[in-house]
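Hi,

Here is the structure I said I would pass on. Have a look at it first, and my notes follow below.

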Amino acid sequence: MDTLLPTSTAVHEAEKPNYNNNLAFQEKDVDAGALFVLKSKGSWMHCGYHLTTSIVAPPLLSLPFAFTFLGWTAGILCLVIGAATTFYSYNLISLVLEHHAQHGRRQLRFRDMASDILGPRWGRYFVGPTQFAVCYGAVVACTLLGGQCMKAIYVLANPSGNMKLYEFVVIFGCLMLILAQIPSFHSLRHINLVSLILCLAYSACATAGSIYIGDSSKGPEKDYSIKGDTENRVFGIFNAVAIIATTYGNGIIPEIQATIAAPVKGKMFKGLCVCYIVLIFTFFTVAISGYWAFGNEASSLILTNFVDNGNPLLPRWFIYVTNIFTIVQLSAVGVVYLQPTNEVLEQAFGDPRSPEFSPRNVVPRLVSRSLATASATTIAAMLPFFGDINSLIGAFGFIPLDFILPVVFFNMTFKPSKRSPIFWLNVTIAVVFSTVGAIAAVAAVRQIVLDAKNYRLFANV
């Protein structure tokens, strides 16, 4: 593999003047989205914070639920394959980005990569819209989940209360509205450090809570059998794969690498190492402890299992703290996934020739970001069943962006020999995950059809 990658000292030394030329080119021709939102000022550690927030997020609390469709062996195997494949594919994207940067053209966005490597139509009509749908869908999902966690605290504290879910979604949306005004991706580095600490905190709480309940007489009787007939089991497997793929999903690797100060060589790998150390600790402990404690009764959000018919199985303060950690981190995750939307809005309405904080740029930024956040909050409040739709978005979005395109980009950029193992490894990954993604999309559509009878706007679920 070393012979295929631009790792020589000569190339590395040549990188600096190319960067300078590229920066001069950017200053002349760059749009407001890249100039103001995707500032290249961060270190590899900041990159690690951004990566951790975008990947190690509250959807990991659904992993025990995915295990209910897979069982112990297949569940752990899928977690391992997901971790190995995404770490590998994210590194491939980073290497492709470094290669283009060393040759005087630093790509700052996923759609830029697709346009340069696959052609302009791929960037404009597939990768760009797909990434936008995935990221904006993640913002809606975070807003909905934040509202659900707020409601869980409220119901536990006041069982006879009459506040509805959509009211809590709106409250969380107001928090998102404030955070959405943070000017650039790089400006989120301190928030994302706090987010990293919080994901460790609520994962530890979820793990400790599951072990406590599983080791006591309060929990359900442990049953690890897979429910349903043959058809439901088969589709359940692909639903579980979609859940795990979405949990590992990112979709904004180029935008995160764009926040790194030049030269970028090797910095993304260090950031990914930080992220995956946290990921291994959180994903595996939550998934294994949650499934061990609740078996096939594990809920789609493991924190739901901590309350049985209104009766807490853990001290109330412990459940409150766990949910608060989750809510605060959700706000950070939501604003990270809002960055591609912010960049598009800034590109459309901003003026790169005017100062960043001039009235010419501040007014359209405030209005457009507020409208984008308000729209996401409205969708989350109206469609509390958005989880089903998000599974479909995950199958159509995260799997192509994070599992398929990276290996295609690498093979087309570096053109490894068809006799080399890396070429066939990449082809295998692309074919396998294309098949899995297609079947997962069918499974997601099937689940939407099955649940359609329960759908109601502004439902209080």
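Is Glu356 buried or exposed? Glu356 counts as buried, since its relative accessibility is 12%. Before I go on, please keep in mind that this is a predicted model.

I started with Glu356 because its relative accessibility of 12% puts it among the buried residues and its side chain still has a charged partner: Glu356 and Lys39 meet in a salt bridge, 2.7 Å from N to O. The two come from distant parts of the chain, with Glu356 in the loop between helix 13 (339-349) and helix 14 and Lys39 in the loop between helix 2 and helix 3 (44-55), 317 residues apart. Lys39 counts as buried too, at 17% relative accessibility.

The structure has eleven salt bridges. Another one to look at joins the side chains of Asp31 and Arg109, at 2.9 Å from N to O. Asp31 sits in the loop between helix 1 (9-29) and helix 2 (32-37), and Arg109 in the loop between helix 4 (63-102) and helix 5 (110-117), so this pair ties together parts that are 78 residues apart in sequence. Asp31 counts as buried at 16% relative accessibility, and Arg109 counts as buried at 8%.

Arg109 also forms a salt bridge with Glu343, where the closest N and O atoms are 2.4 Å apart. That pair again links distant parts of the chain: Glu343 belongs to helix 13, Arg109 to the loop between helix 4 and helix 5, and 234 residues separate them. Glu343 is buried, with a relative accessible area of 3%. If you display the whole group, you will find Asp31, Arg109, Arg111, Asp112 and Glu343 linked in a network of salt bridges.

**Helix 7**

The buried residues in helix 7 are Leu165, Phe168, Val169, Phe172, Gly173, Met176 and Leu179. Looking down the axis of helix 7, you see these buried residues within an arc of 145°, so they line one face of the helix. What do the buried residues of helix 7 pack against? Their partners are helix 6 (120-157), helix 8 (189-214), helix 12 (316-337) and helix 14.

Leaving aside neighbours within four places in sequence, Asn323 is in contact with Cys149, Ala152, Ile153 and Leu303. In helix 8 there is Leu200, which counts as partly exposed at 28% relative accessibility. Not counting residues up to four places away in sequence, Leu200 touches Val278, Phe281 and Thr282. Leu200 and Ile252 are 52 residues apart in sequence, and their C-alpha atoms are 22 Å apart in space.

**On the surface**

Helix 14 (residues 359-382) is where you will find Leu371. Leu371 is exposed, with a relative accessible area of 54%. Together with Val363, Leu366 and Val367, Leu371 forms a nonpolar patch on the surface, and the four have about 360 Å² of accessible area together.

**Backbone details**

Two spots are worth a click. Most residues other than glycine have a negative phi, and most peptide bonds are trans. Against that background, a cis peptide bond joins Ala262 and Pro263, with omega at about -5°. Pro263 is in the loop between helix 10 (253-258) and helix 11 (267-294). The other spot is Lys415, a residue other than glycine with a positive phi, near 50°. Lys415 lies in the loop between helix 16 (398-414) and helix 17 (421-451), and Lys415 is exposed, with a relative accessible area of 61%.

Cheers

Definitions and conventions:
Residues are numbered from 1 along each chain as its sequence is written. This is a predicted model: local features need pLDDT of at least 70, side-chain atom pairs count only at pLDDT 80 or more; totals for chains, interfaces and linings use all residues. Side-chain values use heavy atoms; hydrogens and water are left out. Patches are made of residues with over 30% relative accessible area and no salt bridge: like charges are joined within 9 Å, nonpolar side chains (Val, Leu, Ile, Met, Phe, Trp, Tyr) within 5 Å. Accessible areas come from the Shrake-Rupley method with a 1.4 Å probe; for residues, only the protein chains shown count as cover. Helices (H or I, at least four residues) and strands (E, at least two) are DSSP runs, numbered from the N terminus. Buried means under 20% relative accessible area, exposed over 50%, partly exposed in between (1.4 Å probe, protein chains only). The arc is that of the directions from the helix axis to the C-beta atoms. Contact means heavy atoms within 4.5 Å.
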